[in-house]
Structures are given as C-alpha cells and as structure tokens.
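Okay, thanks for coming, everyone.

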Amino acid sequence: MTTAILLLLMSPTALARERTEEADVARQVIARNFPDPDVFTHGGTHYAYATNTAGYNVQLATATDATGSWEQRADALPQLPPWIGPSETGSLNVWAPDVSARDDGTFLLYYTAHHAPSGRQCIGAAVAGSPEGPFVPTGPEPLICAPGQGDVIDPGSFIDDDGSRYLLYKDSRGARARSGPSTIHMRPVAADGLTPTGADVSLLSAGRPEESGVVEAPTLLRRPGGYVLLFSGNTFDSGDYFTNYATAPSPTGPFTKAPGALLSKETLGGSVRNPGGQDVFADDGLIAFHGDLPEPPGDRGLWIAGLSWDGLNPVLSQEISS
C-alpha cells in the first residue's frame, strides 16, 4: 500500500500520531501572556511580536536562539493612529501583529484594532526602519475595514518567489458571531504592502465540525511543489482550538485541507491546551504558536516546535534548532 493511500485510510487521530512520532515535541519559551505570535528573522535575530498586554500596544521579544532566552523589548507600536478606540468592553486592544521586510529596506507591521467610528475590528499598518521599531502608523485610517459587513482580523503577509506580495486576513464571522462560517481571504498588494493591485480572493472557509465555524490566523508558505496554508480552527478558548493546514498548486488555490490536525491537545500529548495563532520561521524549520498558561485564565504563552517536511505536508519533529 502506498503512503498516500495509507494516509487517506488513517483516522485523524492516527494520522496525528503518525505526524508527530512522539508526543512531547513542543517547548515553552515565554511563560507569560504572549498571544497571537508572529516571528520574523532578520540578521541572525528572531523577533517575536504578540498581541497587546499591560503597557505594550504590540509586544516584542528577541532571541538569537529560538529555544533559549527571549528578551522583552520596548513597545513596537508606541503611538496609535486616531482611528483606534476602546472596544465594547472598554479595552484598547491591538492584536495579531505581522511583520515583514519591504524591498526599500524598511519593515511593515500589520495589526488588528477596534475602529472607533464604525465599531468594527479593522486592519492597520505601520512602518519602521528596523524590525525592533518603533513602528509609525501609515495614515489616519485603517488599511482594511468593512463597516456594515463584519470584522476583519488576523492579517498576514506573504511574498512569493517571483516577488508578488499578498495580504491575508480573516473575516470574523463564526460561532460567536452567529452569521455563518468565517473565511480566509487574500489581497494582492504592491511592493509597499499597502496598495491593492487586484481583487480580494477567498481562499478557505470553515466547514468541518471540529472547526465550529471558525478558521483564522492564516500563514501562507511556498514549498517545492506548491503552497501550504496553515490556519487555526475553532474558538481560541474552547479547549478544542487547533492548527491545521491546506495545500494548493497556486497561492490563490484551490486549497485542500489535510485531515486531522497538525497542532492539538492530542498531537502535543496533552502538554499544550488550545494551540494556535501559529507562525513558521527559520527557513520553515520551526513553528511558533501560543497555548494556554495554567493561570491566570485566558493568558497564553509562546511555544516552539520543530518542523520537517514530507512534500507539502509539515511534520512535527523531535529536533528543534535555532
């Protein structure tokens, strides 16, 4: 029986065990609240950005060894644009950051925040001369906002081998919104990462029972033979949050979801609850993600795991190198 046929016949749980080989493959590297991580490597340094916490709009930690000591840095986005206001809970949230390099030597930060005039979550952008910042907002208005339609969140950048650049994001419909399943979209943009160059494309929607109406946190990779879209599924605090992936022959799809899950309570041997918000770095050899901390409730730390690849299929590895 060929490997491809065997994988198709395996249950999601058995496939998860096959992917991981051994359960204890992840390592916690930041044991404080550091949710929705994005890791960007530049000049031999890993820069990890995360959703706001007390005193920081966008958290930043750096390390030269991804599994070693991470040092807290200054707020990456100390000044906010005027469109950001408190949410309905009164919180001033800036979350799900993404940083990438631009051709002109500058660095681009995408983030999500509450758009006060519309009451929606929208996507903003900021630029800096260093990955450490400080990042400065690009203008007084959001980059993507959809008043009257819904929230747009979880921005992610992707640059293809030919230099084509894209902005991925998610509309936040889902179980809690009660307005249908969420969808991951892609917007072609110019080299500045800001200017649209084509129509938005829908890549992937929630449709499986285990997703509970939610797919989010897109991470798009170019691999030999095609494209891999990692995403998180279910609600982040449900106890059943997980990370999976889909593959396609082109960046615009069509994407086919893999069975089972790459990151879940089961594939991680019960050591991490609600693993998600993932990013891949170190030449696609490491995956960063958040997972629940024992306390206080709702806080999520940063975990690292090694990746190897079987064609377009990521496999959790026992080997973790910086």
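Predicted model: local features only at pLDDT ≥ 70, side-chain atom pairs only at ≥ 80, totals over all residues.

Residues are numbered from 1 along each chain as its sequence is written, and side-chain values use heavy atoms, with hydrogens and water left out.

So, how many salt bridges does the structure hold? There are 10, where a salt bridge is a side-chain nitrogen of Lys or Arg within 4 Å of a carboxyl oxygen of Asp or Glu.

Take Arg222 and Asp161: their closest N and O atoms are 3.8 Å apart. Arg222 is in strand E14 and Asp161 in the loop between strands E10 and E11, so the pair ties together parts 61 residues apart in sequence. Strands here are DSSP runs of at least two residues, numbered from the N terminus. Arg222 is partly exposed at 35% relative accessibility, and Asp161 is exposed at 64%. For the cut-offs, buried is under 20% relative accessible area, exposed is over 50%, and partly exposed is in between, with a 1.4 Å probe and protein chains only. Asp160 joins these two in a network of salt bridges.

Next, Arg187 and Asp200, at 2.8 Å between the closest N and O atoms. Arg187 is buried at 17%; Asp200 is partly exposed at 31%.

Last one: Lys257 and Glu211 meet at 2.9 Å, N to O. Lys257 lies in strand E17 and Glu211 in the loop between E13 and E14, so this bridge ties together parts 46 residues apart in sequence. Both Lys257 and Glu211 are buried.

Definitions and conventions: Helix = DSSP H or I, 4+ residues; strand = E, 2+ residues; numbered from the N terminus.
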